[in-house]
Amino acid sequence: TLQPISLGWIYKPDAQSGGAGLEIFESSELALHYASQHSQDPSIIHKTKGIGGVLQKLLDSPLLINGRRFSLRMYVGHTGNEPFELFLCQTSFLILQA
């Protein structure tokens, strides 16, 4: 019989989409080791296009819409700190997973 496993961490590489290059790990130690091996500088995980990625903890019970995962994309512009100014683009995207 198949036993469910506890999946806790996901590595998402830069410059890829549609799930390409995703890796899932049971422990943070394994995830950090993998991420450090896939970066030009093993001491940090880069957020520079094409040479790194994002390491993220998977949620046990994520927020769902009609039983489906989703992401919300909102674009914000930051023009300065004195005074602090942010501008929110009027167009946003709600992406529902299959």
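**Exercise 1.** Find how many residues the hairpin from β5 to β6 passes through, and how many bridges join the two strands.

*Solution.* The hairpin linking β5 to β6 has 2 residues. The model is predicted, so local features need pLDDT of at least 70 and side-chain atom pairs pLDDT 80 or more, while totals for chains, interfaces and linings use all residues. Strands are DSSP runs of E with at least two residues, numbered from the N terminus. β5 covers residues 76-81 and β6 residues 84-88; they run antiparallel, joined by 5 bridges. Two strands pair if DSSP finds at least two bridges between them. G77 has F87 as its bridge partner in β6, and G80 has E85.

**Exercise 2.** State whether V76 is buried or exposed, and which strand supplies the largest share of the nonpolar patch.

*Solution.* V76 lies in β5. Its relative accessible area is 52%, so V76 is exposed (over 50%; buried is under 20%, partly exposed in between; 1.4 Å probe, protein chains only). V76 belongs to a nonpolar surface patch of about 860 Å², together with I65, L72, M74, F84, L86, L88, L94 and L96. Such a patch joins nonpolar side chains (Val, Leu, Ile, Met, Phe, Trp, Tyr) within 5 Å, from residues with over 30% relative accessible area and no salt bridge (a Lys or Arg side-chain nitrogen within 4 Å of an Asp or Glu carboxyl oxygen). β6 and β7 (93-96) each supply at least two patch residues; the largest share, 3 residues, comes from β6.

Numbering starts from 1 along each chain as its sequence is written, and side-chain values use heavy atoms, leaving out hydrogens and water.

Terms used. Helices (H or I, at least four residues) and strands (E, at least two) are DSSP runs, numbered from the N terminus. Patches are made of residues with over 30% relative accessible area and no salt bridge: like charges are joined within 9 Å, nonpolar side chains (Val, Leu, Ile, Met, Phe, Trp, Tyr) within 5 Å. Accessible areas come from the Shrake-Rupley method with a 1.4 Å probe; for residues, only the protein chains shown count as cover.
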